[in-house]
Structures are given as C-alpha cells and as structure tokens.
Amino acid sequence: MSEKPTALITGASAGFGRATALALAKRGWTLIITARGPEPLDRVREATGATAVPGDVADRAHRTRLATALADLDRLDLVLNNASALGPSPMPHLADYPLDEFAAVLRTNVVAPLAVLQLALPKLRARDGTAIDISSDAAVMPYEGWGGYGASKAALDHLTAVFAAENPRLRVYSFDPGDMRTAMHQAAFPGEDISDRPEPETVVPALLHLIDTRPPSGRYTAAELSVRHP
Ligand SMILES: NC(=O)c1ccc[n+]([C@@H]2O[C@H](COP(=O)([O-])OP(=O)(O)OC[C@H]3O[C@@H](n4cnc5c(N)ncnc54)[C@H](OP(=O)(O)O)[C@@H]3O)[C@@H](O)[C@H]2O)c1
C-alpha cells in the first residue's frame, strides 16, 4: 500500500478547492481532482501531480469516470466535496426563483456530493477516512436572495450529519469556510468590489487543522478553527 495519503477533491481548479489541492500536494498527498473546465484543471494537475478527471459532478457519467479513477487507488483517506453552484446571478428572491435553476442547484450541491460519498465509501471505510462537505453560513442564516443556494447547503449539512451518524468509524464534517475572494463570491455580489474578502489560501490552514486533528464528526467553521489554530 502507498505510504502517501490520498484525497479526492471536487471543484479543484479554482478558489478554495485549488488552494487546498496545492496545499495537500505540498504535503506529499496523492490527489484525484475534478472540475468542469479542463484547462484550469490541467494547470492544477501540472502544479500538483494530481490525476485530473474533468467533468461535471452533477453528471452521472462523469461520476462513473471518477469511480473508475478511485478504483485504481490502493487507498483513499479524504473526500472533499467542494464543487458547488451558486444559482442565478444576480440572486433572485424565492418568489421569483426559476424552479429549473433551483433543481440544478440541488443536483450540484446536494445530490452530487452524496453520490460522490457513496462511490468513495468502500475505500474511505477501509482507511477509517475523512469526508468533508463544504458548507456556508447561508445554510443557517436567512439572507435575502440566498434562499436557493442556502437551502441546498442546509440540505447538504443535514445529509452530512446523517452520513456521520451512519458511519461512526469515519470522520464526516461540514466545513463553513466563511467569505472568500473567489469567482463564486463575485457572482454573488455582481459589480461590487470584493477585494476586502480574504483569499481562499488564508482559509486552508483551518481545513488542514480539521484534517490533522480529526475532532468528532460535526459542523465546523473556519473562524472557530482559526481561533484554535491561528
Ligand atoms: N467564496 C465564498 O465566499 C464562499 C463562502 C462560503 C462557502 N463557499 C463554498 O466554498 C466552496 C468553494 O467555493 P469557491 O468560492 O472557491 O468557488 P470558485 O472559486 O467559483 O470555484 C469553484 C470550483 O468548483 C468547480 N465547479 C463548479 N461547479 C462544478 C460542477 N458542477 N462540477 C465540477 N466542478 C465544479 C469550478 O470549476 P468549473 O467551473 O470549471 O467546473 C471551480 O474549480 C463551495 O462549496 C462554496 O459553496 C464559498
């Protein structure tokens, strides 16, 4: 068996997923990475030595390709469900929310992460591994305009908590990174200057602290973990 820990990261071509992939590669991890756009993903592949599997996590055929890539691994220590859809920008009030768009957000933010957990579970169980689903404060706060995305993250949080209860040997976390200066954040605030938001790289140490210390399964925020590990 390989001595190197191995992770699957979705949404690894940009923002927080990319920053985490670079940090884990620096620590010597073996990575499987995915995102839709092949070129940015390929740049992260080059920088990390990862196996890149381009595609949409909401697409069943793509997830079959991910399962094939996982089957080639002799170990899997971590799954990071980070890929996410914001929904329409500007973000509509629920009264006007196009329902087909809402269904698409749920497919990417709820159905796909569960599907990824399902396909990774046998390998994760073999290592008593860690699964992390990336959440948001919009899962718990009723911000105007954030109803579609927030409902999807609330559903993801609940799914994560039940998955934790059903798999007590694993560590299963919801992780709320807080605001980050990324393309998704800019889409949530179109035309606004978001340069005061922290870069995603600044949040990675809190996630690494979670991975390293393996506290009980549950929901953690980067802010609370940063207090423990500034
Ligand atoms: N930024 C914030 O302020 C903030 C706050 C709270 C929570 N979050 C959460 O943090 C996580 C990362 O967000 P971010 O801000 O870093 O986003 P980002 O910079 O927009 O990056 C998103 C990444 O996910 C990929 N992706 C999106 N949809 C995908 C799909 N259907 N299938 C596969 N890959 C997909 C994107 O590449 P492609 O587009 O090429 O697929 C990209 O690699 C998300 O779960 C988000 O909800 C962000």
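Which element gives the most to the shell around the ligand? The answer is H6, with 3 residues.

The structure is a predicted model, in which local features need pLDDT of at least 70 and side-chain atom pairs count only at pLDDT 80 or more, whereas totals for chains, interfaces and linings use all residues. Residues are numbered from 1 along each chain as its sequence is written, and side-chain values use heavy atoms, with hydrogens and water left out.

**View 1. The shell around the ligand.** Of the 29 residues around the ligand (a heavy atom within 4 Å), those that come nearest are Ser13, Arg36, Tyr149, Thr182 and His185. The shell comprises 12 nonpolar, 13 polar and 4 charged residues, where Ala, Val, Leu, Ile, Met, Phe, Trp, Tyr, Cys and Pro count as nonpolar, Asp, Glu, Lys and Arg as charged, and the others, Gly among them, as polar.

View 2. Oxygen atoms of the ligand make polar contacts (N or O pairs within 3.5 Å) with a backbone N or O atom of Met180 at 2.8 Å, with a polar side-chain atom of Lys153 at 3.0 Å, and with a polar backbone atom of Ala14 at 3.2 Å. Taken alone, the ligand exposes 890 Å², of which the protein buries 91%, by the Shrake-Rupley method with a 1.4 Å probe. Two or more residues of the shell come from each of helix H1 (15–26), helix H5 (147–166) and helix H6 (183–188); helices are DSSP runs (H or I) of at least four residues and strands are runs (E) of at least two, numbered from the N terminus.

**View 3. The open sheet.** The 7 strands, paired in parallel, follow the order S3-S2-S1-S4-S5-S6-S7, pairing being defined by at least two DSSP bridges. Strand S3 (51–52) and strand S7 (218–221) are the edge strands, each pairing on one side only. Strand S1 (residues 6–10) runs parallel to strand S2 (residues 30–34), to which 5 bridges join it, and Ala7 stands opposite Leu31 in S2.

**View 4. Backbone geometry in two loops.** Most residues other than glycine have a negative phi, and most peptide bonds are trans. The peptide bond from Ser89 to Pro90 is cis, with omega near 0 degrees, and Pro90 lies in the loop between strand S4 (78–81) and helix H4 (99–127). Asp128, in the loop between H4 and strand S5 (130–134), has a positive phi, near 50 degrees.

How values were computed
Polar contact = N/O pair within 3.5 Å; in protein donor to acceptor, adjacent residues only side chain to side chain.
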